[in-house]
Amino acid sequence: MRIRFIVILFVSMLLILISSIIITYKATEETQKNIQEILINRALIEYKYNPKIRNEIKKSIDIYLAFSKKQAVEITRSLLKYYLIVVLMMSILLVFSVFSITRPIKELSKRVSNILRGGKLADQTTHDIFKPRGSYEVKQLYLSFDRLIKDLKEYEELIGDRERYRGWKEIARVIVHEINNLISPVETYSGFLFEKLSKGETISNSHLNPKVREKINAILLKIEEIKITLAKFRDLAHLPEPNFKTVNLTTLLKNITSEFKGIKLILPEESHDEEEKSDNPNADTALDININKTHEIDLDVHFTVTTDPILLGEILRNLIKNAVESTLKKERSDHGDVVVKFQNRDNITVEISDRGEGIPKEIQEKIFTPGFSTKEGNIGIGLSIVKSLSEQLGIKIEMESIESKGTTFYIILPHGDKK
Amino acid sequence: MFSSIATTISNYARVIFAVLGLISLYPNVEINNVKVVEKNRSIYAQFKTKSLINEYILQIIESGIDIYYSIAVVTYLVRDKHEREIYSNVLTKKISYNKNNYFLDNTSYNSVNKLIANLNNNQIIILPHKQVIQNTTVRTTITLKIFSDSIPDLMNLWGNRPNIVLNYRTDEN
């Protein structure tokens, strides 16, 4: 690129030089002609009655005119050195400018190819590696590359997640199918035995013991548990397609939170009374869910979003359930709070905060991975369903967690119609 | 149209080269048909010229200034890489103009073409008494000049400095 620039520059300078020479020469020639005409006219007028002097002047003018080309060339040649100095200075300035423009671009190109090397994006962006420099446009180019690389990284992660999730779904589908095949005969035979023993029939004379009946009953219960677990896996493998419609978010949240036993839905106007109640040591110690609208929002205004209410309900249900479980897990003298809060700024955001034990930093990245759980006896499917559903609905889920202080999930919804 | 563009470009190119000192904007004097002939025991050089009187010189002549055209001959004897001048001569012709007539010395021409035709045919002795120098290598330089009493640098109106160098050997009788 630099060589091309320099060649163009050289040709341009040469053209400027040639133009300058021709312009100077032509200008000199024109001046000479004008001088000749002026002198002849003046001689004709001044020495009208003195032909001898008039002829002498004419001779001088003719000599001058005959040598005019030579003089024009000499004048142009004498100016040529100045043109050369100017052109040289311009060339130096332009070469310097070209280098100052191309150097950061070249460096950027090198850095970007380093970042993209191996077909995988590095963790660092250009901005992280070195400060943008050069002209405003070049700086903007740097920043655009940064944005591009960040976007690419996000897409890469998203595609990776989707691929992983698709893999998990397939595994879940196969496992569910295979285990169902295996437990179906076990359930059938256990049921058969249970019915026979309940009616007092014996397999053999020595098997009338009620303990046997008890064990078979336990087998049947465990089979039921396995079926429930399998159903969850089936949910993961067969998530329905979203059916988008206008949803009243306030109503939806009220309905979802009401599903949790012992939870009181507290609207902002009731919060003052509730605070007083909390100060009372004899106050109800049940787990509270406070629905707090930020003060910018009119209480009478209902927020609507365009989404699938069933799938969004599933997301909220899973996150609130996790928050409740997290607060119950923590041993505290007072009860933990789960706060569900609206925000309507750039986006409609639902915050679900708990004052539980929080999630350690080292495992925060893994919480959405299917099968990952910190809870004993949990199969770790809930948050992976949340993530999958949120991707389907175009909802962004963000999380902040401080160990031993609690966790907040932000459900960032796209705007719907505001009524 | 294309020819006028080509002429303009050619003129601009000539200006560029002239400014760079590579050519002159005035026409070159051409010398051709150079012959060395023997007449009356003398050796003559015959040659034709072109553009001796160009439009700029003609302008000066027509303004009434007398100019002179000279042919300077110097002949050297070349022996063992040493040169010795054996003959020199300058033939000068006066060119003038008066009342629509052109004059070459005292000869009058009523048109410039006749004057130029006469000037273009040149013959000059380069070695008289040829018999004195026999079987010897000789070198002759012929230099053309144009000058005027009132214009010192008239030669600048020629694009070149025309000259002829003749190397020849005299025969044995």
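Between chain A and chain B, the count of salt bridges is zero. Please keep in mind that this is a predicted model. Polar contacts do turn up: across the interface of chain A and chain B, the rule finds five residue pairs, with both residues at pLDDT 80 or more.

Now the area. Together, chain A and chain B bury about 1,800 Å² between them, and 77% of that is on carbon and sulfur atoms. In residues, the contact takes 18 from chain A and 20 from chain B. Which residues of chain A lose the most area to chain B? They are Ala66(A), Phe67(A) and Lys69(A), which together make up 29% of what that side buries.

Staying on chain A, three helices each supply at least two residues of the side that touches chain B: helix H1 (2-46), helix H2 (51-66) and helix H3 (68-115). The largest share of that side comes from H3(A), with seven residues. Sorted by class, the side of chain A that touches chain B has 10 nonpolar residues, two polar and six charged.

Next, the cores. The largest nonpolar core has 45 residues, and Ile60(B) and Ile142(B) are those with the most contacts inside it. What is Ile60(B) in contact with, leaving aside its neighbours within four places in sequence? In chain A, the list is Asp62(A), Ile63(A), Ala66(A) and Phe67(A). In chain B, the list is Ile65(B), Ile67(B), Ile151(B), Leu154(B) and Leu157(B). Two of these names have come up already: Ala66(A) and Phe67(A) are among the residues of chain A that lose the most area to chain B.

Last, the backbone. Most residues other than glycine have a negative phi. Arg41(B) is not a glycine, yet has a positive phi of about 65°. Where is Arg41(B) placed? The residue is in the loop of chain B between strand S1 (30-39) and strand S2 (42-50). With a relative accessible area of 59%, Arg41(B) is exposed, because the cut-off for that is over 50%.

Asp105(B) is the other case to show: a positive phi of about 55°, again without being a glycine. Asp105(B) is in the loop between strand S5 (101-104) and strand S6 (107-109) of chain B. Its relative accessibility is 38%, so Asp105(B) counts as partly exposed.

That is what I had. Comments are welcome.

Key: Residues are numbered from 1 along each chain as its sequence is written. Chains are lettered from A and ligands numbered from 1 in the order in which they are written. This is a predicted model: local features need pLDDT of at least 70, side-chain atom pairs count only at pLDDT 80 or more; totals for chains, interfaces and linings use all residues. Side-chain values use heavy atoms; hydrogens and water are left out. Helices (H or I, at least four residues) and strands (E, at least two) are DSSP runs, numbered from the N terminus. Buried means under 20% relative accessible area, exposed over 50%, partly exposed in between (1.4 Å probe, protein chains only). Contact means heavy atoms within 4.5 Å. Buried area is the accessible area (1.4 Å probe) that two parts lose on being put together, summed over both. A salt bridge is a side-chain nitrogen of Lys or Arg within 4 Å of a carboxyl oxygen of Asp or Glu. A polar contact is a pair of N or O atoms within 3.5 Å; within protein, one must be able to donate a hydrogen and the other to accept it, and residues adjacent in sequence count only if both atoms are side-chain atoms. Ala, Val, Leu, Ile, Met, Phe, Trp, Tyr, Cys and Pro count as nonpolar, Asp, Glu, Lys and Arg as charged, and the others, Gly among them, as polar. A nonpolar core is a set of buried Ala, Val, Leu, Ile, Met, Phe, Trp, Tyr and Cys residues joined through side-chain atoms within 4.5 Å.
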